[in-house]
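Points are grouped by topic.

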Amino acid sequence: MAIKTTKKAETKAEPEAAAPKAKAAPKAAAAKDDAKDESKDSAKETAKGKKVAAPKSGDKPNALQKPLQPTPELAAIVGDSPIPRGEVVSKVWDYIRTHSLQNPENKREILADDKLKKVFGKDKATMFEMNKYLAQHLK
């Protein structure tokens, strides 16, 4: 009976063929494994250190870079002109910090003043809820 081999079968056979060699020279195999682990770690480190290039003038802007028009309630905080979502969040955080609107006992909680109450719709909101409320005021 003839056995058909596929690429999957060949790839499964290769580690088995390499196993007897590893038994013959365990120190050499361990050294190879260490070298592989080091190369993976250095690749991960370089990937973490890379910065994303700014979009070129011909590129389509992503969701954070697309200028959106704020509603009048949000415009009282960030301004009237269309502004990217990322800058809206930054300006709202600047507003929160300059007016000391973070709860001193729980920094994740924002205590809304009159302007922010119009945006949030309530007296308190967490920093995680803030983006949800901001999205409702951007078109």
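**Overall architecture**

Starting at the N terminus, the elements of the protein follow the order α-α-β-α-β-α-β-α-β-α. They come to 6 helices and 4 strands, where helices (H or I, at least four residues) and strands (E, at least two) are DSSP runs numbered from the N terminus. The model is predicted: local features need pLDDT of at least 70, side-chain atom pairs count only at pLDDT 80 or more, and totals for chains, interfaces and linings use all residues. Residues are numbered from 1 along each chain as its sequence is written, and side-chain values use heavy atoms, with hydrogens and water left out.

**Burial, surface and contacts of the whole protein**

- Of the protein's 139 residues, 20% count as buried; buried means under 20% relative accessible area, exposed over 50%, and partly exposed in between (1.4 Å probe, protein chains only).
- The protein exposes about 10900 Å², and carbon and sulfur atoms supply 56% of this area; accessible areas come from the Shrake-Rupley method with a 1.4 Å probe, and for residues only the protein chains shown count as cover.
- Among contacts between residues at least 6 apart in sequence, 28% join residues at least 24 apart, a contact being heavy atoms within 4.5 Å.

**Helix α4 and the residue that follows**

- The 14 residues of α4 should span 20 Å at 1.5 Å a residue, and the end C-alpha atoms are 20 Å apart, which agrees; the expected span is 1.5 Å times one less than the number of residues.
- V88, V92, W93, Y95 and I96 are the buried residues of α4. Seen down the helix axis, the buried residues of α4 fall within an arc of 160°, so they line one face of the helix; the arc is that of the directions from the helix axis to the C-beta atoms.
- An α-helix has 3.6 residues a turn, so residues three or four places apart point the same way.
- R97 and T98 are exposed on the other side of α4.
- The cover over the buried residues of α4 includes α3 (72–78), β2 (83–84), β3, α5 and α6.
- S100 follows α4 and lies in the loop between α4 and β3 (109–111). The phi of S100 is positive, near 50°, in a residue other than glycine. At 61% relative accessibility, S100 counts as exposed.
- Most residues other than glycine have a negative phi.

- W93 belongs to helix α4 (residues 85–98) and is buried, with a relative accessible area of 14%.
- Neighbours within four places in sequence aside, W93 is in contact with Q102, I110, M127 and M130. The C-alpha atoms of W93 and M127 are separated by 9.5 Å, the two residues being 34 residues apart along the chain.
- P67 lies in strand β1 (residues 67–68) and is partly exposed, at a relative accessible area of 48%.
- With neighbours within four places in sequence left aside, P67 is in contact with P82, I83 and P84. P67 and S81 are 14 residues apart along the chain, and their C-alpha atoms are separated by 8.8 Å.

**Aromatic pair**

- Rings of Phe, Tyr and Trp (its six-membered ring) pair if their centres lie within 6.5 Å; planes under 30 degrees apart count as stacked, over 60 as edge-to-face and the rest as tilted. By this rule the count is 1 aromatic pair.
- F120 and Y133 form this pair, which is tilted, with 5.7 Å centre to centre and 40° between the planes. The pair links distant parts of the chain: F120 is in helix α5 (residues 114–120) and Y133 in helix α6 (residues 127–136), 13 residues apart.
- F120 and Y133 are both buried.

**Salt bridges**

- Side chains of opposite charge can pair when their charged atoms come close.
- The whole structure holds 2 salt bridges, a salt bridge being a side-chain nitrogen of Lys or Arg within 4 Å of a carboxyl oxygen of Asp or Glu.
- D123 is partly exposed at 48% relative accessibility, and K117 is partly exposed at 34%.
- K122 forms a salt bridge with E129, with the closest N and O atoms 3.4 Å apart. The relative accessible area of K122 is 32%, so K122 is partly exposed; E129 is partly exposed at 24%.
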